[in-house]
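Keep the sequence and the 3D view open while you read.

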Amino acid sequence: MNGPVIELRGVSKVYGAGQAATHALRGIDLRIRQGEFVAVMGPSGSGKSTCMNILGCLDTPTTGTYLFRGVDVGALPRNRRALLRRHYLGFVFQGYNLLNRTSALENVELPLVYRGTPTGERRVRARQALEAVGLKGWESHTPGELSGGQQQRVAIARAIVTGPAVLFADEPTGNLDSAMSRGIMALLSALNDTRGITVVMVTHEPEMAIFAKRTIRFRDGRIESDGRDRGAA
Amino acid sequence: MVWSVLLLALREIRRNVLRSSLTILGIVIGVAAVITMVTIGGGATAKVTADVASLGSNLIEVMPGQGPRPGGARESAAMFKIEDAEAIAREVSGLLAVAPVATQTMQAISGSANWSTTVTGSTNAYLQTRNWPLAGGRQFTDGDLRAGSAQCILGATVRRELFGGQDPVGATIRLQKLSCQVIGVLAKKGQTSFGMDQDDMILVPLRMLQRRIAGNTDVGAISVSARDGVSTEKVQRDIERLLRERRRITPGKDDDFHVRNMQQLVSTLAGTTRVLTALLGAVGTVSLLVGGIGIMNIMLVSVTERTREIGIRLAIGALEREVLMQFLVEAVVLSSFGGLVGIGLGLAAAAAGATALEVPFILNLRIVALAFVFSAAVGVVFGFFPARQAARLDPIEALRHE
């Protein structure tokens, strides 16, 4: 499609008011096109997580405009933003955030349940998603029975099962050792290459950022640098 | 979607079996209490009503002396005479039968068998006032009654004790030294709700009892039966007025006799049962309320424990009302399951209680349905607040929750 999937125009986020006000973002302009793989870096407190929350439609800007596929997200009520997440976005978190005591297959099925996909189709698509992340044969295992890397793969399967336009990954390798981390990054790269899923990933590890095609650095609520060259670190 | 929400709720409940069962305990106890009490109460009312009906629900009994009342000495009062009964029959309208009654306890002997029983002297009207048919033989003739001839009709218990399985009609029994021919046998009537065996009696002509056994002309009581549709209260008032006149009681002085109206007895007993049922029903309702608060409490704990899960669901795209529904359904499933268990326990307890108290077990489906609906409603009411709490969580905060 033409035009950016994501466009931020002068986005600021202020927490609190008056003297106690904290400026998490101070006027961000950003465009991300379909099919990009973006790494968002920066020290803690630089505003990258706030930016991710806004991009993920979990939060709204205080001022400025966030256009997702041309739609002004900031103007949408809570439930419409939920529907936007349901139909266009996938999330992967640092802490995996899988449902405990629930099998890998059922975890992956969860977004389809809210989409109202019929049970049979749900099964098939969840199995395919698990196969795509290399977890064929682990469908009935619960998160407690899986390694960290496997749990994160289940989370990725859950994020891609709906065929989202954008996949948001918040420090996806933060809890993993380097071998497992590289596996996850390879998987995200592959999904970006083969399926054309736009990936926006927050990380503070330069060796993970090199998997991305574009690196955006945050500092003090502003974009410090935005490089398209590989290995910008 | 409805089905998957229900399955989800069931799974969530199964995960915490012990906690879930403790949570619903209040509901279980409340529902069980209500069901037990209403069922047993209904059975007791039915039994009392049936007992009184077997006595004759239009029966009015007139007895000399003041009725049983709390405190105060009772004056001794003159007995009635046959003429009092005749006057009632003549002057009070709306009556089916009037029977003067005198009784005496004595030994009845037949061959080697002997049995202590109550000998009742009266007329055929006695049987009419009590809806009491004969099982065999015949009633007294007018001649028998006038002459006071030595004839008798046996109650079922006396017949069994004196004659076993044999037909006693035509045989002769002895009442003290008096030979008495058996002309009939009464149908079995059973016990009253006060545990008295109504069949343990022998009916003889009133004049025979007066002349040959008691040696006086006293009548101990008068049984009156009103026609169907006639107000027993009015009949009672008429009898009271007539008897005051006949016994020359000046205005302002208390009656020296009393009238017992069976319909009053029925309504008194039914009223007592109703009050008792209402009282225990109220206790059950309070228990249901406490049970509901218990459910709210546990649901709030559950929402806190599952904050992260709620955050995941919201982030994935669950709507507020979907999360609300999930927790509400869980609360309703919990509480209505408690209701079902309570109904089961209540009915079992009612069945056991009915057997122990010898009252019929009457299944009141309306109360069962009401109890179920009420317990489900408790879930809706007390589940709503925690469910709304869950639905309104901020997904970012919820995901950060440890």
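## A covered helix in chain B

Helix α10 (residues 307-316) of chain B is mostly covered, with eight of its 10 residues buried. This is a predicted model: local features need pLDDT of at least 70, side-chain atom pairs count only at pLDDT 80 or more, and totals for chains, interfaces and linings use all residues. Residues are numbered from 1 along each chain as its sequence is written, while chains are lettered from A and ligands numbered from 1 in the order in which they are written. Buried means that 20 or more other C-beta atoms lie within 10 Å of the residue's own; exposed means 12 or fewer, and partly exposed is in between, with C-beta atoms placed from the backbone. Helices (H or I, at least four residues) and strands (E, at least two) are DSSP runs, numbered from the N terminus.

The buried residues of α10(B) are B:Glu309, B:Ile310, B:Gly311, B:Ile312, B:Arg313, B:Leu314, B:Ala315 and B:Ile316. What covers them? The cover includes α2, β6 and α3 of chain A. It also includes α11 (320-357), α12 (365-391) and α13 (395-400) of chain B. Just after α10(B), B:Gly317 takes a positive phi of about 120 degrees.

## Where the chains meet

In the contact between the chains, 19 residues of chain A touch 17 residues of chain B. Two residues are in contact if their C-beta atoms, placed from the backbone, lie within 7 Å. On the chain A side, α2 (78-88) and α3 (104-115) are the elements that give two or more residues. The largest share, six residues, comes from α2(A).

By class, this side of chain A has 10 nonpolar, four polar and five charged residues. Here Ala, Val, Leu, Ile, Met, Phe, Trp, Tyr, Cys and Pro count as nonpolar, Asp, Glu, Lys and Arg as charged, and the others, Gly among them, as polar.

## Chain A: overall form

Chain A has seven helices and 10 strands. Its radius of gyration is 18 Å, close to the 17 Å that the globule rule gives for 233 residues, so chain A is as compact as a globular protein of that length. The radius is taken over C-alpha atoms, and the rule is 2.2 Å times the number of residues to the power 0.38. The C-alpha atoms fill a box of roughly 50 × 40 × 40 Å along the principal axes. Of the 233 residues, 46% count as buried.

## The sheet of chain A

Six strands of chain A form an open sheet in the order β6-β7-β8-β3-β9-β10, with mixed pairing. Strands pair if DSSP finds at least two bridges between them. β6 and β10 (222-227) stand at the edges, each with a single partner strand, so one side of each has no neighbour in the sheet. The twist averages 20 degrees from one strand to the next.

β6(A) and β7 (residues 166-170) of chain A run parallel over four bridges. A:Val92 has A:Ala169 as its bridge partner in β7(A). From β6(A), A:Leu89 and A:Phe91 point one way, A:Gly90 and A:Val92 the other, and all are buried.

## Chain B: overall form

Chain B comes to 13 helices and 10 strands. Its radius of gyration is 33 Å, well over the 21 Å of the globule rule for 402 residues, so chain B is more spread out than a compact globule. Its C-alpha atoms fill a box of roughly 105 × 55 × 35 Å along the principal axes. Buried residues make up 40% of the 402.

The domain assignment, automatic or from a database, gives domain 1 (2-50 + 267-400) and domain 2 (78-255) of chain B. Their centres, taken over C-alpha atoms, are 57 Å apart.

## An enclosed strand in chain B

Why is strand β9 (residues 221-226) of chain B largely enclosed by the rest of the structure? Six of its six residues are buried, so the strand is enclosed in that sense. B:Ala221, B:Ser223 and B:Ser225 lie on one side, and B:Ile222, B:Val224 and B:Ala226 on the other.

Strand β1 (residues 59-64) of chain B joins β9(B) by four antiparallel bridges. B:Ile60 has B:Val224 as its bridge partner. Strand β2 (residues 95-110) of chain B also pairs antiparallel with β9(B), over six bridges. B:Leu95 stands opposite B:Ala226.

Technical notes: Axes are lines fitted to C-alpha atoms, for helices over the stretch in contact, and angles run from 0 to 180 degrees between N-to-C directions.
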